[in-house]
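Trainee: I have not looked at this one before. Can you put it up and take me through a few parts of it?

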Amino acid sequence: MPSYTANTKDMQFVLHEVLKISEAGIPGYEEMDRDFTDAVLDAAAKVSTEVLAPLNVVGDTEGCVLENGIVRTPKGFDTAFEAMKDGGWTALDCDPDFGGQGMPYLLNCAVGEMFVSANMAFNMYQGLTHGAYSAIHAHGTDEQKAKYLPKMVSCEWTGTMNLTEPHCGTDLGMMRTKAEPQADGSYKVTGQKIFISAGDHDLAENIIHLVLAKAPGGGEGTKGVSLFIVPKFLVNEDGSLGARNAVSVGKIEEKMGIHGNSTCVMNYDGATGWLLGDLHKGMRAMFTMMNEARLGVGLQGYAVAEAAYQNALAYAKDRLQGRAVTGTENPNGPADPLIVHPDIRRSLMDQKSFLEGARAFTFWGASLIDRAHKSGDDAAEGLISLMTPVIKGFLTDKGFETTVLAQQVYGGHGYIEEWGMSQFARDARITMIYEGANGVQALDLVGRKLAQDGGKHVMAFFEMIKAECKAHDADERMKPFTDALKGASKQLQSSAMFFMQSGMKNPNAALSGSYDFMHLMGHVCLGLMWTRMAAAAHAALDAGASDKAFYEGKIATGRYYMARQLPACAMHLARIESGADPVMALSVDQF
Ligand SMILES: Cc1cc2nc3c(=O)[nH]c(=O)nc-3n(C[C@H](O)[C@H](O)[C@H](O)COP(=O)(O)OP(=O)(O)OC[C@H]3O[C@@H](n4cnc5c(N)ncnc54)[C@H](O)[C@@H]3O)c2cc1C
């Protein structure tokens, strides 16, 4: 069975030495000193390793079953869910007015990374609830908030997000689910939603479905869509549960991974619902949660890879195959461990340098969300809005790639189920698809975010990189970082320029390069993170830090990323500048 150990040391490094959170000036961060975050992370690590990780394989092998209209989760999930509720883990960053603990979203992400690494499918029950909580918190009336939020914060009631229908996923404008207004102010919701995560289960006494549907008068396309609260059980005035609503599970989807999470076809047959937010503005309501939800999926992408990497590393130290080309390293054994071989090192370094960069990138993104929400900082809002498709698309693509690299370290033993590596690869795959498939993230980045507010957010990003490099001008040791970052940033600017010049004339030229641009920008972001981490590690060593191995390892890992990963930027630029012709050359019939 695979194992998982939470990397709280690296999390603390990012929080306190890279982001320097207690000095960041973000409301609520001043209480986040090392001791405090240490205590929270350690407690979360214990739950992750002792409660959640042992259920990961159980969830995969047992899956969820539909029995007489009720979904049963795998053995042990109910007890673990109680432990999460009792420990207050479902309420960490929720509003104290509704029973939450009011901690920063950033801390929730750090804890979330461990929960996902330990058991991604399980963590989705509360993850989806958090998404629904955020929507009601942002758009609900006072009455709706009082009615639903306290029970959702505690996860006595869980939540779902219902967008997808059989004929429409990306293009939600074609949605058919209807909402008919009733005399009492409620709506009757009718239609079918598919692929609904945590759509039904036996972990909570009620499920609050948020459903996108078309109400009369909204016109065509996504503009006419509204968002509705549709509880599984209607809620009486006194908060007790009333009649069963007309919503049922059609079936549980058979799928590649995350078997422990129930992905359901949901049938709404005139179910009673209430409008959430403004009529015909449902997409806007969904979009306010998008930054958080997409960052959450980006986090899933690297968190599953982190668990896979930890196991690959242990295996590479243990498995004996072949001899080191430079001379025997394990003379008492029949062969040397895999880790002596340069190609295995290459793979492990690719994994490690991505994972640590991804963690820093995600935590930085979460701190931007906190800054935007708690200080009303428009620049932070603009920057995270620009970064969101990159966090989601790049980290999940690379997270899957990293998971497969980890699986490869096992050779054939990675392909069979016994070692658990196959599950990691199967689980990680969905992160590239849901919450907007990655091709659509790239479209959002190039088609919308680059030019948003006159392009000022991307310009601010370029200025940030310039300032970071300038800050280390006098430090020779930082040259491998700043030189590589400057070069990659220039390539990113050239691509943006190409889009501006060619995209106007031929939109296909921009969109043929959008996926490469998302990856180019992802590498630049991780290059920036590695520059910051290397500077922090040098500062710690200069100050006489006792843990030299950690900081020197950090710098060496960063140098690897700059030397071995950032060169991909040149390839992406070349592809982008080749324009639409190579991509669009064939007629449909020629394929
Ligand atoms: C396990 C699982 C859980 C899920 N959970 C939920 C959930 O809880 N709630 C929910 O509402 N949905 C959920 N989904 C649905 C998921 O979000 C959609 O599958 C996803 O958004 C893609 O929609 P689609 O499958 O209809 O693909 P399509 O929209 O048909 O897209 C197919 C492909 O075409 C590409 N594409 C589409 N349009 C364009 C374009 N204009 N330009 C370029 N490329 C394009 C896409 O990138 C994709 O690769 C889940 C799906 C799965 C498999």
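Mentor: Start with strand β3: 6 of its 6 residues are buried, so β3 is largely enclosed by the rest of the structure. Buried means under 20% relative accessible area, exposed over 50%, and partly exposed in between, with a 1.4 Å probe and protein chains only. Helices (H or I, at least four residues) and strands (E, at least two) are DSSP runs, numbered from the N terminus.

Trainee: What kind of model is this, and how are residues numbered?

Mentor: This is a predicted model, where local features need pLDDT of at least 70 and side-chain atom pairs count only at pLDDT 80 or more, while totals for chains, interfaces and linings use all residues. Residues are numbered from 1 along each chain as its sequence is written, and side-chain values use heavy atoms, with hydrogens and water left out.

Trainee: Back to β3. Which residues point which way?

Mentor: Trp157, Gly159 and Met161 point one way, and Thr158, Thr160 and Asn162 point the other way.

Trainee: Which strand is β3 joined to, and how many bridges are there?

Mentor: β3 runs parallel to β6 (residues 206–214), with 6 bridges between them. Two strands pair if DSSP finds at least two bridges between them. Gly159 is opposite Ile208 of β6.

Trainee: Now the ligand. Which residues come nearest?

Mentor: Leu163, Thr164, Thr170, Phe195 and Ser197, out of 18 residues around the ligand. A residue is near a molecule if one of its heavy atoms lies within 4 Å of it.

Trainee: Which elements supply the shell?

Mentor: β3 (157–162), β5 (187–197) and α12 (438–449) each supply at least two residues. β5 gives the most, with 3 residues.

Trainee: How much of the ligand's area does the protein cover?

Mentor: The protein covers 62% of the 980 Å² of accessible area that the ligand has on its own. Such areas come from the Shrake-Rupley method with a 1.4 Å probe; for residues, only the protein chains shown count as cover.

Trainee: What is β5 joined to?

Mentor: Strand β4 (residues 178–181), which runs antiparallel to β5 and is joined to it by 4 bridges. Pro181 has Tyr187 in β5 as its bridge partner. The hairpin of β4 and β5 has 5 residues between the strands, and Gly185 there takes a positive phi near 95°.

Trainee: New topic: how many salt bridges are there?

Mentor: The whole structure has 33. A salt bridge is a side-chain nitrogen of Lys or Arg within 4 Å of a carboxyl oxygen of Asp or Glu.

Trainee: Which residue does Asp444 pair with, and are the two buried or exposed?

Mentor: Asp444 pairs with Lys449, with the closest N and O atoms 3.1 Å apart. Both Asp444 and Lys449 are buried.

Trainee: What about Arg532?

Mentor: Arg532 forms a salt bridge with Glu468, the closest N and O atoms being 3.1 Å apart. Arg532 lies in helix α16 (residues 514–542) and Glu468 in helix α13 (residues 452–471), so the pair ties together parts that are 64 residues apart in sequence. Arg532 counts as buried at 19% relative accessibility, and Glu468 counts as buried at 14%.
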